[in-house]
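Below is a briefing on a structural model, written for a reader who wants the criteria stated beside the geometry. Please read it with the sequence and the coordinates at hand.

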There are 2 protein chains.
Amino acid sequence: MDQVEVFKALSNRTRLQILNWLRDPQQNFPEQAENGFDHGVCVGQIQRKTGLTQSTVSEYLAVLQRAGLVSSVRVGQWTYYRRNEDAFAALINSINTDI
Amino acid sequence: MDQVEVFKALSNRTRLQILNWLRDPQQNFPEQAENGFDHGVCVGQIQRKTGLTQSTVSEYLAVLQRAGLVSSVRVGQWTYYRRNEDAFAALINSINTDI
DNA sequence: TTGGTATATCGGGAAAATCCGATATACCTT
DNA sequence: AAGGTATATCGGATTTTCCCGATATACCAA
């Protein structure tokens, strides 16, 4: 786990919002209901909620994924993103011990 | 507490090192012994240990202070910096609840 | 007051981040 | 195969970060 990479990924208001929204997909992405929440939330839902362009949101999700904070699954033409709770636990542990 | 400002402050290898060194001044800044550790560690000690220039380290400490992660005391011609443990507790709390 | 030491601030060149529009890729449907 | 939809990648203008040298400020000692 690259601490600096994780903190850089967290150094952006929109990316923090996305992570927070992904805590409760059913609450924050009701449109997603038709596809179910098993895999996470697809890029388009997140993009519409941020108000930013598709390319920007796709890149932001890639940043979060490179930092390990989310994982993704491709299902058909959709990519579903979800939080990686292990990474948050590891982050807190590293703040307590390494920083 | 501005989450983004805190994460930006933590998004730099040298600043993370400084915070870690300040966990144990006696161990990491033995030269400081003559002045005592009551107030923290002065800028020059930290600067020498990083190997960066004085102006850079002074600015880095200011960044950490604006984020609330350290506090400083001026004593004579020295400014002593120390960790603000409350800020780390608040950070962990905010990761657990807001992010 | 003068000279020395410690720290902060200023100005800037180089590198990285931000966010966009355009385009490429992948997959699905007919 | 052809057209449509979802996502990723590319190229770039703008802003921010990184780290420096030079200079300003604050304090101390003779």
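In strand E3 of chain A, the residue that stands as bridge partner to A:Ser72 is A:Tyr81. The model is a predicted one, in which local features need pLDDT of at least 70 and side-chain atom pairs count only at pLDDT 80 or more, while totals for chains, interfaces and linings use all residues. Residues are numbered from 1 along each chain as its sequence is written, and chains are lettered from A and ligands numbered from 1 in the order in which they are written. Helices (H or I, at least four residues) and strands (E, at least two) are DSSP runs, numbered from the N terminus.

**Strands and sheets**

- Strand E2 (residues 70-75) of chain A runs antiparallel to E3(A), and six bridges join the two; strands are taken to pair if DSSP finds at least two bridges between them.
- E2(A) and E3(A) make a hairpin with two residues between them, and A:Gly76 in the turn has a positive phi of about 60°.
- Two bridges hold E1(B) and E3(B) in antiparallel pairing, and B:Cys42 lies opposite B:Tyr80 in E3(B).

**Helices H4 and H5 of chain B**

- The axes of H4(B) (residues 43-50) and H5(B) (residues 54-66) come within 9 Å and cross at roughly 115°, where axes are lines fitted to C-alpha atoms, for helices over the stretch in contact, and angles run from 0 to 180 degrees between N-to-C directions.
- That angle makes H4(B) roughly perpendicular to H5(B), since angles under 35 degrees count as roughly parallel, over 145 as roughly antiparallel, 65 to 115 as roughly perpendicular and the rest as oblique.
- B:Val43, B:Ile46, B:Gln47 and B:Thr50 in H4(B) meet B:Gln54, B:Val57, B:Ser58 and B:Leu61 in H5(B), with contact meaning that C-beta atoms, placed from the backbone, lie within 7 Å.
- By class, this contact has four nonpolar, four polar and no charged residues; Ala, Val, Leu, Ile, Met, Phe, Trp, Tyr, Cys and Pro count as nonpolar, Asp, Glu, Lys and Arg as charged, and the others, Gly among them, as polar.

**Contact between the chains**

- Chain A and chain B each bring 17 residues to the contact, and on the side of chain B the elements giving two or more residues are helix H1 (3-9), helix H2 (13-21) and helix H6 (85-97).
- H6(A) (residues 85-97) and H6(B) pack at an angle of about 175° with their axes 11 Å apart, and they are therefore roughly antiparallel to each other.
- A:Phe88, A:Leu91, A:Ile92 and A:Ile95 in H6(A) meet B:Phe88, B:Leu91, B:Ile92 and B:Ile95 in H6(B), a contact with eight nonpolar, no polar and no charged residues.

**Surfaces near the DNA**

- DNA strand D is surrounded by 24 residues, of which the closest are A:Cys42, A:Gly44, A:Ser55, B:Leu52 and B:Ser55; a residue is near a molecule or strand if its C-beta atom, placed from the backbone, lies within 6 Å of it.
- H5(A) supplies the largest share of the surface near DNA strand D, six residues, and this surface has six nonpolar, 15 polar and three charged residues.
- Around DNA strand C there are 24 residues, and A:Ser55, A:Thr56, B:Cys42, B:Gly44 and B:Ser55 come nearest.
- H5(B) gives the most to the surface near DNA strand C, with six residues.

Definitions and conventions:
Two residues are in contact if their C-beta atoms, placed from the backbone, lie within 7 Å.
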